[in-house]
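Hi,

Here is the structure I said I would pass on.

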Amino acid sequence: MEENLRKLIEVWIYALISLSYCYFISSKISKGVLRLLSILPMCILFLLLPLLLSSVHFCALSALFLSWLANFRLILFAFDQGPLCPLPPKLSRFICYACLPIKIRKTPSPDAIKNLRCKNEPMPKWVLAVKFLALGVLLHVYEYRDGLPRFVVLALYCLHLYLEVELVLVFVGAVVSTLLGCDIEPVFNEPYLATSLQDFWSRRWNLMVSAVLRSTVHIPVQRFFKHLLSSDGAMFAGVMASFFVSGVMHEVIFFYMSRQPPTWEVTCFFVLHGAATATEIAVKRTHWWRPPHRAVSGLAVLTFVSLTGVWLFLPQILRNNVHERAIGECLSVIDFAKRK
């Protein structure tokens, strides 16, 4: 445990020094190719830093924050776009905006509040408490997993994966909100209430990653293909490109966790969901489309996500026993806390 913490601190010292360089040096270079060239060494470093970590949790989170979010936002920063532009007045804000899954909540106008349709509100405290309790129960049940059927353990791990990712990101957002003195938009928006794949991926699941992909992949690809295809065709190209890049980045994160070459199953998962989401959008635009009851559509979405996840997303985790290592780390943390 102590060795993992030491390596984590070492990785983030390198990351903070690199981001400070981008803030004080790269920001003084004119936007465009020259600034991008000055940032590229940091992007390469952020791809290498997770390799220093052996803990599944520390490795996955550092890869998400540095190899994915920070790199994509720094590329936007090179062209004076994204959350790092205009340049924040303080280094601390630059670092938070660059690598953490946060987005400052803007104060909407009265008309916008009146017409707001996406209830992207902070998680109620009782819901947060229930999720913490559920995660605690899961960690306790893991101690008896040897006597449970394998499919039950896998189902519990899927629930554990969702709860842990959401609660960790909620915790990060709460800490940053307190330190910066500002409101942070939630990263998750109750994804189990999604009524369509479009609703699930664009408005409910991991919204910070969706925002980064929209700025760095979807919009540029859509603009490029607008001259070659119809407006709808360009939009669909942007959707497919976003899902493909998301799949590739998940392959990278899985590589960090397992240190095994990619099998591209995860990429296939996201490409499949991209094609399904694009088809769904196209069907919704037809004149004969009538939305089903939200209970029916919600069940269909959860079923599709679950079945395709078991088919394409989880096998690489299970094949390399990443889930067993993750469970073992959680139990080790509990034992460590008890000893202290």
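Keep in mind that this is a predicted model. I'll start with R35, which lies over the face of F77, 4.8 Å from the ring centre.

F77 also has a ring partner. The structure holds 20 aromatic pairs, and one of them joins F77 and F94: the ring centres are 5.5 Å apart and the planes sit at 70 degrees, so this pair is edge-to-face. It links distant parts of the chain, with F77 in helix α3 (residues 56-78) and F94 in helix α4 (residues 91-99), 17 residues apart.

Another edge-to-face pair is W201 with F269, at 6.5 Å centre to centre and 75 degrees between the planes. W201 belongs to helix α8 (residues 197-203) and F269 to helix α11, so the pair ties together parts 68 residues apart in sequence. W201 is buried, with a relative accessible area of 14%, and F269 is buried too, at 5%. These two rings are also members of one aromatic cluster, together with Y162, F188, Y192, F200, W205, F243, F254, F270 and F313.

Is E265 buried or exposed? With a relative accessible area of 18%, E265 is buried, because the cut-off for that is under 20%. Leaving aside residues up to four places away in sequence, E265 touches E251, L312, P315, Q316 and R319.

Cheers

Notes: Residues are numbered from 1 along each chain as its sequence is written. This is a predicted model: local features need pLDDT of at least 70, side-chain atom pairs count only at pLDDT 80 or more; totals for chains, interfaces and linings use all residues. Side-chain values use heavy atoms; hydrogens and water are left out. Buried means under 20% relative accessible area, exposed over 50%, partly exposed in between (1.4 Å probe, protein chains only). Contact means heavy atoms within 4.5 Å. Rings of Phe, Tyr and Trp (its six-membered ring) pair if their centres lie within 6.5 Å; planes under 30 degrees apart count as stacked, over 60 as edge-to-face and the rest as tilted. Helices (H or I, at least four residues) and strands (E, at least two) are DSSP runs, numbered from the N terminus. A charge sits over a ring if NZ of Lys or CZ of Arg is within 6 Å of the ring centre and within 35 degrees of the ring normal.
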